[in-house]
Amino acid sequence: MPGPTMESEFPVEPQSLKKLSFKSLKRSLDLFSPLHGHFPLPDPESKKIRTSFKLNVEYGGIKGSSAELSSNAKAGVQNQAQPASAPSNALALPGPENTRDERTGNELALGPSIPANGPTDVRFSGKSNAVVPSHGSSERNLSTAAIMERIPSRWPRPIWRAPWKNYRVISGHLGWVRSVAVDPSNTWFCTGSADRTIKIWDLASGRLKLTLTGHIEQVRGLAVSNKHTYMFSAGDDKLVKCWDLEQNKVIRSYHGHLSGVYCLALHPTIDILFTGGRDSVCRVWDIRSKMQIHALSGHDNTVCSVFTRPMDPQVITGSHDSTIKFWDLRYGKTMATLTHHKKSVRAMAQHPTEDCFASASADNIKKFSLPKGEFMHNMLSQQKTIVNAMAVNDEGVMVTGGDNGSMWFWDWKSGHNFQQSQTIVQPGSLDSEAGIYALTYDATSSRLISCEADKTIKMWKEDETATPETHPLHFKPPKDIRRF
């Protein structure tokens with residue numbers, strides 16, 4: 001009676017190409033392994049071919065004498081025959097005809113090494129281990145294709161972090177709360193709203209201390225100076241104002257924007273102010289003289305996020321044109337343009353201690369290094385909403401707030417999303433008003449302030465009762481890392 005055919009044993013139709021490749025690799029292992037449960041014996045001819053091919057590629061086609069090659073091959077065989085040395089992950093086959101492709105001359109790697117309990121228990125994890133024939137690949141891939149070692153994932157594992165909880169809701173504004181800034185002394189914070197007022201609140205108790213009026217449209221940007229008793233505000237009324245907090249009144253106004261001003265930042269070391277707006281320009285102001293130093297033009301759409309740093313690039317802007325620009329402050333010119341995002345870059349956050357920053361868009365949250373702006377990686381999840389605000393504390397907890405009221409907490413180093421919370425609108429508000437417009441940490445990084453579309457300000461802190469047992473860390477390292 002004839003045995004079962006290959007088609008009946010491995011049906012082709014319902015299976016994917018990837019699964020068929022795995023089965024083909026496994027059949028090859030079963031076919032060429034002389035003793036099940038053991039490594040195949042080293043083959044001198046195969047070793048010689050691999051050694052000569054590697055020498056040929058690495059040294060640009062300059063071949064040594066046949067005596068040198070044969071001595072290298074013998075040395076390699078002796079090293080391979082010692083079981084105490086590190087085992088090679090490339091499978092050596094019984095004959096040279098099985099290690100070279102006759103048409104291309106490239107080695108064929110048949111997968112991972114056979115485990116000790118026999119070739120039938122070979123498990124393939126992640127992507128296929130078959131080496132793709134390298135017709136147009138670089139020399140670096142050519143030289144190591146047949147002897148490449150499969151290494152485990154080196155993605156950093158996140159540390160356990162306690163979840164954050166809402167502990168206070170502050171009502172007082174009569175419109176959407178659009179901006180927030182914390183006093184450097186960590187005693188009060190200020191919020192700007194669509195009701196055209198700026199309110200100053202006590203950070204410890206949440207009580208209202210002061211209300212400032214002067215803007216005639218919603219207040220979209222706030223910053224507090226750490227060197228002077230000044231607070232700066234910017235709004236949709238094209239106005240940028242400097243408030244003296246000893247007199248509680250406006251002492252300077254900066255005129256020049258042609259449309260609404262969406263973001264505002266203070267330079268950390270020198271007395272200059274940056275504002276970005278709907279006129280697609282980031283303007284640089286001298287705080288004392290009210291003069292415009294530069295108009296950083298180059299974006300094609302609204303400049304909606306800006307942050308500054310003491311060293312070059314001193315100004316980084318994000319725009320609705322989906323680009324991020326680094327600016328040379330001396331000449332007012334663009335140093336670099338990052339085009340990784342596909343949607344508007346509405347929020348950016350610089351890490352307090354590391355030379356890197358994150359930028360948020362509706363497509364992804366990405367991390368870049370400074371000062372060159374090299375792409376590091378994407379965060380490992382997608383919030384799938386318009387991200388309006390983000391903040392990072394010095395402990396490496398990043399928070400992002402979305403238009404749908406979702407607030408996600410991330411581990412900065414690994415990009416792992418360890419908590420997803422949904423804000424609750426205050427009674428009397430519509431569910432559609434669950435939007436987060438601004439986020440900031442206080443100076444101690446232990447309290448978080450969120451400004452929301454239901455006209456409230458919410459304060460958050462870590463849950464002291466949480467433990468790794470009650471809130472375990474669910475982390476899976478990514479299988480394939482996007483390079484852009």
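This is a predicted model: local features need pLDDT of at least 70, side-chain atom pairs count only at pLDDT 80 or more; totals for chains, interfaces and linings use all residues.

Residues are numbered from 1 along each chain as its sequence is written, and side-chain values use heavy atoms, with hydrogens and water left out.

**Stop 1: salt bridges**

Select Asp-279 and Arg-283. Their side chains form a salt bridge, with the closest N and O atoms 3.2 Å apart. (The rule: a side-chain nitrogen of Lys or Arg within 4 Å of a carboxyl oxygen of Asp or Glu.) Arg-283 is buried at 9% relative accessible area, and Asp-279 is buried too, at 15%.

Now jump to Arg-330 and Asp-312, which meet in a salt bridge at 3.7 Å, N to O. Arg-330 lies in the loop between strand S16 (324-328) and strand S17 (333-338), and Asp-312 in the loop between S14 and S15, so this pair ties together parts 18 residues apart in sequence. Strands here are DSSP runs (E, at least two residues), numbered from the N terminus. Arg-330 is exposed at 57%, while Asp-312 counts as partly exposed at 30%.

Next, pick Asp-236 and Arg-220: another salt bridge, with the closest N and O atoms 2.8 Å apart. Asp-236 is in the loop between S7 and S8, Arg-220 is in strand S6 (residues 219-224), and the two are 16 residues apart. Asp-236 is buried at 18%, and so is Arg-220 at 19%.

For a network, show Lys-227, Asp-271 and Arg-288, which are linked by salt bridges. The count for the model comes to 12 salt bridges.

**Stop 2**

Most residues other than glycine have a negative phi, and most peptide bonds are trans. Stay at Asp-312 and look at its bond to Pro-313: this peptide bond is cis, with omega near -10°. Pro-313 lies in the loop between strand S14 (303-308) and strand S15 (315-319). Then go to Leu-370 and Pro-371, where the peptide bond is also cis, with omega near 10°. Pro-371 has its place in the loop between strand S20 (365-369) and strand S21 (375-378).

For positive phi, select Asn-248, which is not a glycine but has a phi of about 55°. Asn-248 is in the loop between strand S8 (240-244) and S9, and counts as partly exposed at 35% relative accessibility. Ser-445 is another non-glycine with positive phi, about 65°, in the loop between strand S26 (436-441) and strand S27 (447-452). Is Ser-445 buried or exposed? At 5% relative accessibility, Ser-445 counts as buried.

**Stop 3: aromatic rings**

Phe-232 and Tyr-254 make a tilted one, 6.5 Å centre to centre with 45° between the planes. This pair links distant parts of the chain, from strand S7 (residues 230-235) to strand S9 (residues 249-254), 22 residues apart. Both Phe-232 and Tyr-254 are buried.

Trp-408 and Trp-410 form a tilted pair as well, at 5.7 Å and 45°, and both are buried. For a group, select Phe-307, Phe-326, Phe-357, Phe-368 and Phe-375, which form one aromatic cluster.

Two charges over rings deserve a click (NZ of Lys or CZ of Arg within 6 Å of the ring centre and within 35 degrees of the ring normal). The charged end of Arg-178 sits over the ring of Tyr-437, 4.1 Å from its centre. Lys-461 lies over the face of Tyr-167, at 5.0 Å from the ring centre.

**Stop 4: nonpolar cores**

A nonpolar core is a set of buried Ala, Val, Leu, Ile, Met, Phe, Trp, Tyr and Cys residues joined through side-chain atoms within 4.5 Å. The largest one has 14 residues, and those with the most contacts inside it are Ala-360, Ile-365, Met-390, Met-398, Trp-410 and Trp-412. Strands S18 (347-350), S19 (356-360), S22 (387-392) and S24 (406-411) each give two or more residues to this core. Apart from it lies another core, of 13 residues, among them Ala-389, Met-407, Phe-418 and Ile-436.

Terms used. Rings of Phe, Tyr and Trp (its six-membered ring) pair if their centres lie within 6.5 Å; planes under 30 degrees apart count as stacked, over 60 as edge-to-face and the rest as tilted. Helices (H or I, at least four residues) and strands (E, at least two) are DSSP runs, numbered from the N terminus. Buried means under 20% relative accessible area, exposed over 50%, partly exposed in between (1.4 Å probe, protein chains only).
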